[in-house]
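Open the structure in your viewer and keep the selection tool at hand. The stops below say what to select next and what is there.

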Amino acid sequence: MAKSNTNYNERKWISPNKRAAGYAQERKKMVHERGPKKNQPLDDYNKGFRSGYLLAQSDNAGMYKFKKALAEGKTLEQARAISKKKGA
């Protein structure tokens with residue numbers, strides 16, 4: 001089994017409508033289209049996960065933090081870093 005170097009302390013958000021479009025395609029095809037499980041069938045958990053509720057919450061939080069940081073005068077790089085931090 002390959003070891004993953006994934007850091008789960010960082011929020012991975014994108015524009016919610018872009019994520020939703022990609023996941024809608026995966027749900028229609030019933031197959032993972034990216035990542036280590038590419039071309040494997042979706043199980044029930046991942047079908048539900050693709051519904052996007054929890055991901056949309058994270059995306060909206062990230063986008064809110066990003067826009068707030070820009071409004072406070074932060075640079076684009078600083079705003080991106082702030083938006084990816086989980087928690088406060």
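Which side chain does the side chain of E26 meet in a salt bridge? Select E26 and R34: their side chains form the salt bridge, with 3.1 Å from N to O. Keep in mind throughout that this is a predicted model.

**The whole chain**

Before going further, zoom out. The chain holds four helices and zero strands, and along the sequence the pattern reads α-α-α-α. Colour by confidence next. The mean pLDDT of the chain is 79, and 73% of the residues reach 70 or more. Among the elements, α1 has the lowest mean pLDDT, at 75, while helix α4, residues 76–84, has the highest, at 89.

Of the 88 residues in the chain, 22% are buried. For contacts between residues with a separation of 6 or more, 41% join residues 24 or more positions apart.

**Salt bridges**

How many salt bridges does the structure hold? There are three. Side chains of opposite charge can pair when their charged atoms come close.

Return to the pair at the start. E26 is buried, with a relative accessible area of 1%. That value is under 20%, so E26 counts as buried.

Next, select E33 and K29. Their side chains also meet in a salt bridge, 3.0 Å from N to O. Are the two residues buried or exposed? E33 is partly exposed at 22% relative accessibility, whereas K29 is exposed, with a relative accessible area of 56%.

For another bridge, select D44 and K47. The closest N and O atoms of this salt bridge are 3.6 Å apart. How are D44 and K47 placed in helix α2? They are separated by about one helical turn, because they are three residues apart in that helix. D44 is exposed at 64% relative accessibility, and K47 is partly exposed at 26%.

**Helix α1**

Select residues 16–29, which make up helix α1, and highlight G22 within it. G22 is buried, with a relative accessible area of 11%. Leaving out residues up to four places away in sequence, G22 touches E33 and R34. E33 has already come up as the salt-bridge partner of K29, and R34 as the partner of E26.

A24 is partly exposed, with a relative accessible area of 34%. How far apart are A24 and R50, in sequence and in space? They are 26 residues apart in sequence and 7.2 Å apart from C-alpha to C-alpha.

**The loop between α1 and α2**

Move on to the loop between α1 and α2, the latter being residues 44–49. Select H32, which is found in this loop. Is H32 buried or exposed? H32 is buried, because its relative accessibility is 5% and the cut-off for buried is under 20%.

Show the residues around H32. Leaving out those up to four places away in sequence, H32 touches E26, K37, K38, N39, Q40, P41, L42, N46 and R50. Among them is E26, the buried residue from the opening pair.

Two backbone positions in the loop are worth a stop. Select M30, found in the loop between α1 and α2. M30 has a positive phi of about 60° although it is not a glycine. It is partly exposed, at 37% relative accessibility.

Last, select N39, in the loop between α1 and α2.

How values were computed
Residues are numbered from 1 along each chain as its sequence is written. This is a predicted model: local features need pLDDT of at least 70, side-chain atom pairs count only at pLDDT 80 or more; totals for chains, interfaces and linings use all residues. Side-chain values use heavy atoms; hydrogens and water are left out. Buried means under 20% relative accessible area, exposed over 50%, partly exposed in between (1.4 Å probe, protein chains only). Contact means heavy atoms within 4.5 Å. pLDDT is the predictor's confidence in each residue, from 0 to 100. A salt bridge is a side-chain nitrogen of Lys or Arg within 4 Å of a carboxyl oxygen of Asp or Glu.
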